[in-house]
Amino acid sequence: MFDLTPEEWTAVQLSLRIALVATLVTLPFGIAVAWLLARKNFWGKALLDGLVHLPLVLPPVVTGYLLLIWFGRKGPIGAFLDDTFGIVFSFRWTGAALACGVMAFPLLVRAIRLSFEAIDRRLEDAASTLGANGFWVFLTVTLPLALPGVIAGMVLSFAKALGEFGATITFVSNIPGETQTISAAIYTLTQVPGGDAAALRLVVVAIAIALVALIASEWFARRAGTRYHGE
Amino acid sequence: MLAVDVEKRLGEFRIAAKFETMGGAAALFGASGAGKTSIVNMIAGLVTPDRGRIALDDNVLFDSVARVNVPAHRRRIGYVFQEGRLFPHLTVAQNLDYGRWMSGLPPDPAEHERIVSLLDIGALLPRRPGRLSGGERQRVAFGRALLMKPRLLLLDEPLASLDRPRKLEILPYLARLRDEAKVPMIYVSHQAGEILRLASQVIRIEDGRVQAAGGLELLDAEAAR
């Protein structure tokens, strides 16, 4: 049962790569937006908050279609990126990563924002009386104390990216070896006669990856947590 | 010398305080809720006054007319908080070094050694604050504030969170700090006893205002109560 065919392996590796790239690339933006929402009051804050959370409530197909319109080769942003940097999203694995990143972004921001809000601001005051400017306070006090939340957000984002289906398939289709992730492969296999065994194999792989990610995050978060209470 | 003349409205409460200190140890004395901590926060730069002027020696830290407001991280004023506020994710040694790193000061092993032994915290260096007793934590907080080589040390009820035996354990260290560290101190407290042991000058705060300023004789009435 556990001999994956080369095609299935490709889908697994592709899924992992897409989810990892989506999580790592969105992380800095997620931290920045979470910090803005947690700490700053500015005009348009409610709008930014709403925009960030939109992919959570919109039908994924709508998000995927909007990405297609904007980031497709003919789309305003897609055409610009293609002409200027040679970056192409449409029907590439990079597009799948973009779709996954956008869909996972609300979860990433939410987890990090909550951990920023839970930090004792008085520790930041103490750091500034010791000579740390805003940037150093953030780097040496705020971010390390928010680390468990950052890790939780990354795992959520990774899991969401791994399972993303609707926006990805709408934006970059379902091309084996390029944009066909585990989810898309399972879906395809269930549509063809005799695909059940292969679909089941991929289902087991998906469960295994999700479990490993959860356990790893738990371990990281606990390690980060114990650091604050001695040991 | 520290010259303070500030006004600040905090909701219904209004602070309007004017006083000067002469170096050495000056006490801000008054009941809880009299506005002492707010005044000290303004000196440290953590709270911005609505109006007024704060100057340390020839250095203007805040002046609402001249629009001067030196940010907290450039004031070089050490601050020991009531609850210590040690960084929980750093060891004691890293907490002690934090101010030096952030202020860009070169290492000074002799001074480090002197303060660590003065406060008797050598054995705590590798530990994290979560595992320290309240008294140990406060001693580390004194060390952290001193090792940034402050021009002024603010102590906001540093003993208030400790029980009586711990207080008695810390008081001698504070007296040694005053005598040996040679940094001018502002000591905030509502305990006349602590002030009698530590301060030479008393500024009495009531309801956000300076009600009297002078020597330790200001505490006599308090002690008689």
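Among the contacts in chain A between residues at least 6 apart in sequence, 75% join residues at least 24 apart, where two residues are in contact if their C-beta atoms, placed from the backbone, lie within 7 Å. The model is a predicted one, in which local features need a pLDDT of at least 70 and side-chain atom pairs count only at pLDDT 80 or more, while totals for chains, interfaces and linings use all residues. Residues are numbered from 1 along each chain as its sequence is written, and chains are lettered from A and ligands numbered from 1 in the order in which they are written.

The pLDDT, which is the predictor's confidence in each residue on a scale from 0 to 100, averages 90 over chain A, with 96% of the residues scoring at least 70. The secondary structure of chain A comes to eleven helices and zero strands, helices (H or I, at least four residues) and strands (E, at least two) being DSSP runs numbered from the N terminus. Among the elements of chain A, the lowest mean pLDDT, 84, belongs to helix H11 (residues 196-227) of chain A, and the highest, 95, to helix H6 (residues 121-129) of chain A. The C-alpha atoms of chain A fill a box of roughly 70 × 45 × 30 Å, taken along the principal axes. Of the 231 residues of chain A, 41% count as buried; a residue is buried if 20 or more other C-beta atoms lie within 10 Å of its own, exposed if 12 or fewer, and partly exposed in between, with C-beta atoms placed from the backbone.

Within helix H11 of chain A lies A:Ala213, which counts as partly exposed because it has 17 C-beta neighbours inside 10 Å. Leaving aside neighbours within four places in sequence, A:Ala213 is in contact with A:Val155, A:Phe158 and A:Ala159. The C-alpha atoms of A:Ala213 and A:Val155 are separated by 6.6 Å, although the two residues are 58 apart along the chain.

Chain B has seven helices and eleven strands, and its C-alpha atoms fill a box of roughly 45 × 45 × 30 Å along the principal axes. The radius of gyration of chain B, 17 Å, agrees with the value near 17 Å for a compact globule of 225 residues; this radius is taken over C-alpha atoms, and the globule rule is 2.2 Å times the number of residues to the power 0.38. Of the 225 residues of chain B, 43% count as buried, and among contacts in chain B between residues at least 6 apart in sequence, 70% join residues at least 24 apart.

Strand S8 (residues 152-156) of chain B is mostly covered, with five of its five residues buried. In a regular strand the side chains alternate between the two faces of the sheet. Both faces of S8(B) are covered, with B:Leu152, B:Leu154 and B:Asp156 buried on one side and B:Leu153 and B:Leu155 buried on the other. Two strands are taken to pair if DSSP finds at least two bridges between them. By four bridges S8(B) is joined to S7(B), the two running parallel, and B:Ile77 stands opposite B:Leu152 in S8(B). Four bridges also join S8(B) to strand S9 (residues 185-189) of chain B, again in parallel, and the bridge partner of B:Leu154 in S9(B) is B:Ile186.

Elsewhere in chain B, strand S10 (residues 201-206) and strand S11 (residues 209-214) pair in the antiparallel sense over five bridges, with B:Val210 in S11(B) as the bridge partner of B:Ile205. S10(B) and S11(B) form a hairpin with two residues between them, and B:Asp207 in the turn has a positive phi of about 55 degrees.

A nonpolar core is a set of buried Ala, Val, Leu, Ile, Met, Phe, Trp, Tyr and Cys residues joined through C-beta atoms within 7 Å. Of the 121 residues in the largest such core, those touching the most other members are A:Ala99, A:Cys100, B:Leu154, B:Ile186 and B:Tyr187. Helix H5 (residues 93-117) of chain A gives the most to this core, with 16 residues. Not counting residues up to four places away in sequence, A:Cys100 touches A:Ile18, A:Ala19, A:Ala22, A:Ala161, A:Glu164 and A:Thr168.

The contact between the chains takes 20 residues from chain B and 18 residues from chain A. On the side of chain B that touches chain A, the largest share, four residues, comes from H2(B).
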